[in-house]
Structure formats: structure tokens, C-alpha cells
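Please consult the sequence and coordinates while reading.

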Amino acid sequence: MTRPPSADTLVWVGYCRAGFERDLARELVDRLGGEVIEATENAGYVRVCAATNEVRFRVAVQDLTFARQLILTREAAVQLISNDRVTPIVDALQAFMVLHGIDHVVDCRVEYPDTNDGKALSRAAKAIEPRLRERLAANHQLVGHAKFRAMVFLTPDKQARIGLADLHLSANDPLGIPRFRMPPDAPSRSTLKLAEAIHVFLGSGQDEAMQPDMRAVDLGAAPGGWTWQLMQRGLRVTAVDNGALKGDLVDNAMVKHLRTDGFRYAPTVPVDWLVCDMVEQPARIATLVAKWLANGWARYAIFNLKLPMKKRHEEVARCREIIGEAMEEAGKSYILQLKQLYHDREEITGFVMLPNRKARFAHHLAAHHLAASDEARRVGRPAPTGRKTGGDHARVAASAFSASPNTTLNTSSPSASVAAKKPALNLSSTLPRAAASPWSAKPLPKQKKRR
Ligand SMILES: C[S@@+](CC[C@H](N)C(=O)[O-])C[C@H]1O[C@@H](n2cnc3c(N)ncnc32)[C@H](O)[C@@H]1O
């Protein structure tokens, strides 16, 4: 900081995997134009102030590769030294809500960093949370339709950061960590990685995006955790790996195992899904995924990028560029998100899709950007405008997408605007589960043989 922050300076607290504080701090500074206040290695969180207090609720956790959760706080912390820990928290929260003109919250959470030191605070958090909830309820400040959640973030130095999380722009899961049970029949623990990716990237649209009888290719499939996830959802999978598949996947009618090189394999007919978990240089994987989508071999992809290097931020930017350039060259609209999931260690997971008029679940991805634009109007700045075709929402969402560094929505074709036209739907209740894949019929032209 060039000057110390005042007690009222707005400060973002971002949670991350321990060891990734510098990466998250850098992302937040890029996004907010502010400065790092705290980014201690292995703390499991960072604190960054924005360049101006105007940004308020304009940044979404979905926009950031390395953030699990994002809450807005002020610099002044509550010291947890007296026996009554709840009253000072309630007082600070009331003051913060007044500052932002917020009368109600949907609920409250008391959280802590996902580190050994942080977990030692879980008992205190469990004790404080219900009492805070009681006090908010007694003040008639808890309402189901509120847009914010009250957040208290405890740190090992016995301080509590009091804040708010916009429901559209923050993670819903406690600590920003979705929990999954390890399915006993799955061949490997990495099955949880794909389960989490589907939950995070597709949300309520997963029944639409992954339908029974769709086709998928899994590159680097062995021993089969990802293939198993796809098969559980009724997809037919070509599993490409020289290694052996395990368990239920062996001699399974839903799975075709090909012992070949994932970089050389090309499908004979287009498939719906490409998933890829090969251990390789990230740029090579990004190039391969981009080729599949640009060639029309698949229209959705989930892929893992291993990041053992020091310059992770640069590597992520490079992969984003590789995919962006390939898609632009092919004249395809696309949505791209890169995220370090809870089950990712020194790696991140990517999702890319080609939206079309039928892909209604793209609204899930657009929703938080629409909310961000609403906030822009509320604080008196003009909402961004873009293409002249499509409705108001389409224009706002399209330009918000392209302005966001993590979620890229390329709008070179009208279909992208159409995809972002309406707010999120609960697709699981509106769509038939077993629609036939529109992508499985048309054969691809033969690929030229490599010399
Ligand atoms: C991390 S493991 C995949 C785990 C798998 N996703 C699961 O859920 O069980 C990486 C796999 O990629 C495979 N692999 C690496 N390079 C490959 C290549 N060029 N072609 C095919 N498979 C490859 C390895 O044999 C290994 O089985």
C-alpha cells in the first residue's frame, strides 16, 4: 500500500487453496485495480482493497480462477477478546449493512481459512453462527428473498472480518467448498474432480448439457474415474489411454476403450463431450482442446491443466489466449471458464462450450453478470451496451462476459447473444431427461493422415 487503508476502506477477502495466495492476489488486483493488503503464503486467503469504493459488488467469484469464495468487508476488524464475541460482531455487521443501504440478509455464515490453523477456529465458528442468526432474526433482518448473505471470517490472529456476500457473485457452499462423497464403485478418486467440475461449471444446467445417450471422449482416461462419472449420467464414452481401465468399466457396453495416443486420436463422428485429464504441458492440452472445438469434433469440453510451474498466472493467460485465438480463427462463439476446483491440487480445470440457441443453460453462466450490471446501474454508472440485436439482457450480458477476464463469451455470432438472453432457469425441472443427441448423427470428413 502506498498509504495505509483507513478503517472504512472496502476490502475483498478471497479464499483460496493454501499456497495460491499470490495467484489470487494478483488476479484480484488485476480485476479491482487496487492493492494487496494481506497475502501471506499458506494462509488460505488474501485481502485486497479496490482502487475506489465504487466497485462494491462488481466482482464475481466465478470471474476468478483461484478464488473459492469472495466477500466484501471493511478494513477494520473486530477483535475477539471479550467473553461476549457476538455483540461486537452484530454491531459491526449492522454498521456495514447501513453503509451499503442493505436492510436484510438471507442468512449468516461464520467461516475460517481452509488450513490447519484455520480449522482450529471451526468450534468458535460453530458457536458464534447460531447466536448471530438468532440476533439477526430478532431484529427481523433475515428474509428469504434478500440478495446478500452476512459473512464473518475468523482468522487465527483472533480477529473477525465482517462482510457481505452477494448471492449471485459468491459461492453457495460453506467455505466455498462443494462436498462430494467418494462413490464406492468409482475406479479412482479423481472421479470427484469431474463431479465437482460438472457442479461448478454446469450448475442447474447439467441435466441439459449431459443427457443419456450423448457421446463423450475421455482422453487420458485410465483408471477411469472421469469415464465412470460420464457413464453414471448415461453417456457413451470412448476412453482413450494406454493404461488399463478398472472395475465396472471393463467389458462395459457403455464404454469403448482405445489404447492409443490421446494427441493423435480423432473421432469418426462428432461427439457432444470431450474430457481430458492427460498429464501434459498446459499449452499442449489447451491447443488440443481448442482443436477439438474449432474442428467441431465436440461442443463441450472439461479439461485439466497441470500447473507445477512458478509462473502460474502467465501460464493460465497463455492457455486462455491459445483457446481464444483458435476459436476466433474458426469463427466460433464460445464460453470459457478456468477454475481451481477444491479437488484440484497444483492444477486448474477448464470448461469450454460452443453455445447455441438450444443451450439454455448458458443462462446459468450469464446470471451473475446480469446481477453485476444491475449493481452498475444502482451506483449510477451506465450499464455497458453492446450489439444492437437481441434484448437488453442479451446486450448487457454479452458485453459483461467479454469484459470479464475469467469467463469469456465471444459474441462474434448472434447465437451467443441469444444464449445469454434470459436469466437462469431451473432446467432440471423443465427439460426432458432423455432427448436424443443432435450431434451423434453426422459423420466427420476424414482427417488427413500425418506424415
Ligand atoms: C491423471 S491420469 C487420469 C486419471 C483419470 N482421469 C481418472 O479419473 O481415473 C492421467 C492419464 O493420462 C494418460 N496419458 C498421458 N499421456 C497420454 C497420451 N498421450 N495419450 C493417452 N493417454 C495419456 C496416462 O496413461 C494416465 O492414465
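Q: What is the mean pLDDT of the protein?
A: The model is predicted; local features need pLDDT of at least 70 and side-chain atom pairs count only at pLDDT 80 or more, whereas totals for chains, interfaces and linings use all residues. Residues are numbered from 1 along each chain as its sequence is written, and side-chain values use heavy atoms, with hydrogens and water left out. The predictor's confidence in each residue, from 0 to 100, is the pLDDT. In this protein 77% of the residues reach 70 or more, and the mean pLDDT is 82.

Q: What percentage of the 451 residues of the protein count as buried?
A: Helices (H or I, at least four residues) and strands (E, at least two) are DSSP runs numbered from the N terminus, and the protein has 13 helices and 16 strands. Among contacts between residues at least 6 apart in sequence, 69% join residues at least 24 apart. A residue is buried under 20% relative accessible area, exposed over 50% and partly exposed in between (1.4 Å probe, protein chains only). By this criterion the buried share of the 451 residues is 55%.

Q: Which residues are the closest to the ligand?
A: A residue is near a molecule or strand if one of its heavy atoms lies within 4 Å of it, and 17 residues surround the ligand. The shell divides into seven nonpolar, seven polar and three charged residues. Here Ala, Val, Leu, Ile, Met, Phe, Trp, Tyr, Cys and Pro count as nonpolar, Asp, Glu, Lys and Arg as charged, and the others, Gly among them, as polar. The closest are Ser188, Ser190, Asp241, Gly262 and Asp277.

Q: How much of the 600 Å² that the ligand exposes when taken alone does the protein bury?
A: An oxygen atom of the ligand is 2.8 Å from an N or O atom in the side chain of Ser188. Backbone atoms also take part: a polar one of Trp226 is 3.0 Å from a ligand oxygen, and an N or O atom of Pro223 is 3.4 Å from a ligand oxygen. Of the 600 Å² exposed by the ligand taken alone, the protein buries 75%.

Q: Why is helix H7 largely enclosed by the rest of the structure?
A: The buried residues of H7 are Gly225, Trp226, Thr227, Trp228, Gln229, Leu230 and Met231. They pack against helix H5 (191-202) and strands including S9 (215-219), S10 (236-240) and S11 (255-258). Helix H7 (residues 225-232) is largely enclosed because the number of its eight residues that are buried is seven.

Q: Is Asn242 buried or exposed?
A: Asn242 is found in the loop between S10 and S11. Not counting residues up to four places away in sequence, Asn242 touches Arg259 and Thr260. Its C-alpha atom is separated by 7.3 Å from that of Asp261, 19 residues apart along the chain. With a relative accessible area of 53%, Asn242 is exposed.

Q: What is the relative accessibility of Arg312?
A: Arg312 lies in helix H9 (residues 312-329). Leaving aside neighbours within four places in sequence, Arg312 is in contact with Gly19, Phe20, Asp23, Phe66, Leu307 and Glu346. Arg312 counts as buried because its relative accessibility is 10%.

Technical notes:
A polar contact is a pair of N or O atoms within 3.5 Å; within protein, one must be able to donate a hydrogen and the other to accept it, and residues adjacent in sequence count only if both atoms are side-chain atoms. Accessible areas come from the Shrake-Rupley method with a 1.4 Å probe; for residues, only the protein chains shown count as cover. Contact means heavy atoms within 4.5 Å.
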